[in-house]
Amino acid sequence: MTIKWPREKQYIENQTYNNDNLDLSVELHELREFSEELKVLFSCIEKKVATTEVLRVEAYKISEALNLNRQEEYQDLMIGYVCSLSLSSDPTLANWEYVKQVSHNSWYIENYLFDIIMYGIDNHYCKECSFIALAVNAFGALSSNNLPSKFDRINQARNNNIAYWNREENKLEQLWWGLRNSELAYEEEKIIFRVLFQLDKRKFIELISSCPNPFFIESLLWTVGLDIKYESWADIAISAPSTFNEDGSWCKSSILPLLLVSAYRSINNASESIPRYNPEQKLIIETKDYIAKLVKAVVLLLSKRDDSTSLLLRWSIWLMRNILIQKEGNESDLFSSSYLDSVIIDEIGRVLQESARRLWSLPPVDLVSWEEWCYKALLSRYLWKGYDISINVNIFVEPWEISIESWEEIKSNTLKSNITMFMNQKNSIPMSAYSFSYPISQQSNPDEIWRNTWINLQSVKDIVEIGYPTDDNHDMYTESTTANKILLSFLYLGIGILDYLYDESNKISNNSGRLLYQELLEACNEMREINYFIDREEINAIFTHLVVRRIIWEGLSENDSLFTECSSPTINEIFSKVSNDIVEVWRLIQIFITNKIELERISCVLKEANIDLKKLDEDMKILTALDASRYPYDSGVINNILLSNP
């Protein structure tokens with residue numbers, strides 16, 4: 001099957017008729033017979049003085065004298081034809097500047113000059129070497145900023161882009177983003193660069209490979225239609241110079257990262273025409289199949305490059321970042337922002353697995369902090385997928401091995417930064433928690449691994465409780481907030497391990513799961529005691545996660561169930577911690593309802609915990625009367641629970 005980008009495919013499907021008034025090849029063939037008659041027009045162009053309107057007047061006179069088509073489009077076609085001859089005989093930048101000015105004042109010339117030139121070259125009345133030389137000269141002039149635009153805004157944009165790139169520290173990250181807020185500031189020369197790409201792709205790639213300006217490169221790539229023609233994208237992707245070294249470090253080349261961004265955007269266009277509300281299931285399946293074929297073609301092509309392993313893995317790290325920062329993401333949902341990222345990552349893993357290529361024994365030395373985090377998450381994902389990967393599980397708990405002595409050192413600052421980026425969600429388990437927890441859950445002692453690290457975080461707990469020693473009280477409490485986030489993130493990691501242990505459903509995992517559950521609940525209660533005011537809602541949310549799991553999982557399976565009624569801590573013991581807080585009890589009841597726990601089950605749980613529902617109902621009505629916005633309450637829920645188990 002011939003691979004086509006979605007927009008390319010759409011363009012072909014929609015091209016049912018040609019609404020051009022002129023048949024280009026027929027008209028150009030006819031104009032070649034009037035060389036003598038066109039000399040006046042050729043002379044006007046050579047002088048580089050006449051405006052487009054003056055040239056149209058001359059073209060009209062010729063059409064009238066020869067009894068040719070007298071439409072304005074035909075006059076512009078005649079001017080374009082003579083311009084192509086002029087550029088062929090005089091391929092200088094001065095001549096190009098004049099032709100460009102003429103084309104700017106004619107929609108027809110601007111949009112058809114490329115086709116006119118290519119027809120002339122194909123029919124041997126325009127010299128191929130002239131246009132290659134012209135493009136090379138234009139490239140050199142633009143690279144040295146010696147071919148200014150006639151628009152001040154464009155010149156300013158070029159200068160701003162160069163200044164921005166020179167001061168940017170995280171250059172590779174900006175390339176992965178696709179040079180956000182950039183402006184295609186070199187489109188005025190798009191015709192001659194399209195001609196160059198058509199005539200000599202090798203020379204085109206050689207030129208952009210020598211360019212240090214990614215904004216210029218991006219403009220040239222878009223000029224040759226990478227977003228609407230897969231073949232053009234593939235030609236450059238397979239021939240572009242190496243971007244990453246064998247050890248995974250970046251060679252500073254911008255071409256491949258920009259090509260990968262272009263490919264990602266092109267593939268992502270496959271779902272843009274599908275309605276988000278109630279789409280046809282058949283259309284969803286077809287689009288997913290189409291995306292899978294595109295991804296497979298792209299990854300297979302890239303796998304043939306000499307730097308393919310490093311290239312694919314560094315791209316995967318970036319895609320993993322996109323997955324990890326999502327607050328909510330169903331990877332199987334076509335419209336999820338994580339869908340395409342996961343498809344590409346998994347296809348890359350499959351190709352690397354089948355070709356027996358392994359990940360680096362050590363991560364590249366030039367990975368920044370977030371890349372190191374995503375690299376570990378990538379390893380975990382491939383392990384979860386069943387790929388043959390050897391992992392030292394310590395790397396997944398090592399980030400949390402910090403103390404008050406190392407609080408201001410690089411390792412601690414890296415953890416703070418990554419938690420802010422990847423584990424800052426409110427009231428939900430972050431994706432990073434699951435990514436880091438899976439390899440730990442596969443060990444023989446996951447509960448012990450988690451517990452030992454939690455114990456060693458004692459000095460971080462001290463920072464939460466009494467602050468960090470500093471002369472500035474504001475900084476002291478700021479550090480307490482940061483320390484609290486670190487502890488919360490590790491609690492989320494523990495819940496991630498617990499969820500995987502539940503999924504394993506065997507005696508060993510259930511035993512570890514029960515032990516880990518007790519440790520998590522104790523840690524949660526410990527946090528409630530040492531943390532008086534920082535993110536109390538977050539620790540309450542973690543407590544809720546644990547309570548809901550305890551109730552839902554209890555006795556779901558007769559054999560090897562994670563919890564039984566007698567499992568410690570019992571539900572009664574858990575509720576004894578909050579039974580005196582009617583607002584907390586009401587919040588838990590709401591969460592049970594949201595999780596679709598049966599009313600009879602809720603009633604039994606509350607009775608076991610000696611919760612008086614009638615008294616709760618009276619007290620909540622009083623609070624609601626005082627402040628309904630702060631204490632929203634629905635007495636109907638309590639009445640339904642009472643009726644479910646009279």
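**Close-up views of a predicted model**

View A. Helix H13 (214–223) and helix H15 (255–268) each supply at least two residues of the lining of the second largest cavity. The model shown here and in the views that follow is predicted. H15 gives the most to this lining, with four residues. The volume of the second largest cavity is about 60 Å³. Its lining consists of Glu 218, Leu 221, Trp 222, Leu 226, Leu 258, Val 261, Ser 262 and Arg 265. By class, the lining of the second largest cavity has five nonpolar residues, one polar and two charged.

**View B. The largest cavity and its lining.** The structure holds three cavities of 30 Å³ or more. The largest cavity has a volume of about 110 Å³. Lining residues of the largest cavity include Ile 419, Met 423, Asn 424, Gln 425 and Lys 426. Lys 485, Leu 488, Ser 489, Tyr 492, Asp 535 and Glu 538 are also among them. H24 provides the largest share of this lining, four residues. Four residues of the lining of the largest cavity are nonpolar, three are polar and four are charged.

**View C. Asn 484 in helix H24.** Asn 484 sits in helix H24 (residues 473–504). Its relative accessible area is 0%, so Asn 484 is buried; the cut-off is under 20%. Neighbours within four places in sequence aside, Asn 484 is in contact with Val 464, Met 527, Asn 531, Ile 534 and Asp 535. Asp 535 also belongs to the lining of the largest cavity.

**View D. The second largest pocket.** About 860 Å³ of space lies in this pocket. Its lining has 31 residues, and the closest to the pocket centre are Asn 540, Ala 541, Thr 544, Arg 587 and Ile 591. Helix H26 (536–553) and helix H28 (582–594) are the elements that give two or more residues to the lining. H26 gives the most to the lining of the second largest pocket, with 10 residues. The lining of the second largest pocket divides into 13 nonpolar, seven polar and 11 charged residues.

**View E. The largest nonpolar core.** In soluble globular proteins, nonpolar side chains tend to be buried together. The largest nonpolar core in this model has 209 residues. Those with the most contacts inside this core are Trp 233, Ile 236, Leu 302, Trp 400, Leu 491, Phe 575 and Ile 589. H24 supplies the largest share of the core, 12 residues. Trp 233 is in contact with Trp 5, Leu 226, Leu 259, Ser 262, Ala 263, Val 298, Leu 301 and Leu 302, its neighbours within four places in sequence left aside. Of these contacts, Leu 226 and Ser 262 also line the second largest cavity.

View F. His 124 lies in the loop between helix H7 (107–122) and helix H8 (128–143). Phi of His 124 is near 65°, a positive value in a residue other than glycine. Asn 145 is in the loop between H8 and helix H9 (152–167). Phi of Asn 145 is near 65°, again a positive value in a residue other than glycine. Asn 145 has a relative accessible area of 39% and is therefore partly exposed.

Notes: Residues are numbered from 1 along each chain as its sequence is written. This is a predicted model: local features need pLDDT of at least 70, side-chain atom pairs count only at pLDDT 80 or more; totals for chains, interfaces and linings use all residues. Side-chain values use heavy atoms; hydrogens and water are left out. Buried means under 20% relative accessible area, exposed over 50%, partly exposed in between (1.4 Å probe, protein chains only). Contact means heavy atoms within 4.5 Å. On a 1 Å grid over the protein atoms alone, a cavity is a set of points where a 1.4 Å probe fits but cannot get out, and a pocket is an open set with protein on both sides within 12 Å along at least five of seven lines; lining residues have an atom within 4 Å of a point. Grid points are joined across faces, edges and corners, and a volume is the space filled by probe spheres set on the points. Ala, Val, Leu, Ile, Met, Phe, Trp, Tyr, Cys and Pro count as nonpolar, Asp, Glu, Lys and Arg as charged, and the others, Gly among them, as polar. A nonpolar core is a set of buried Ala, Val, Leu, Ile, Met, Phe, Trp, Tyr and Cys residues joined through side-chain atoms within 4.5 Å.
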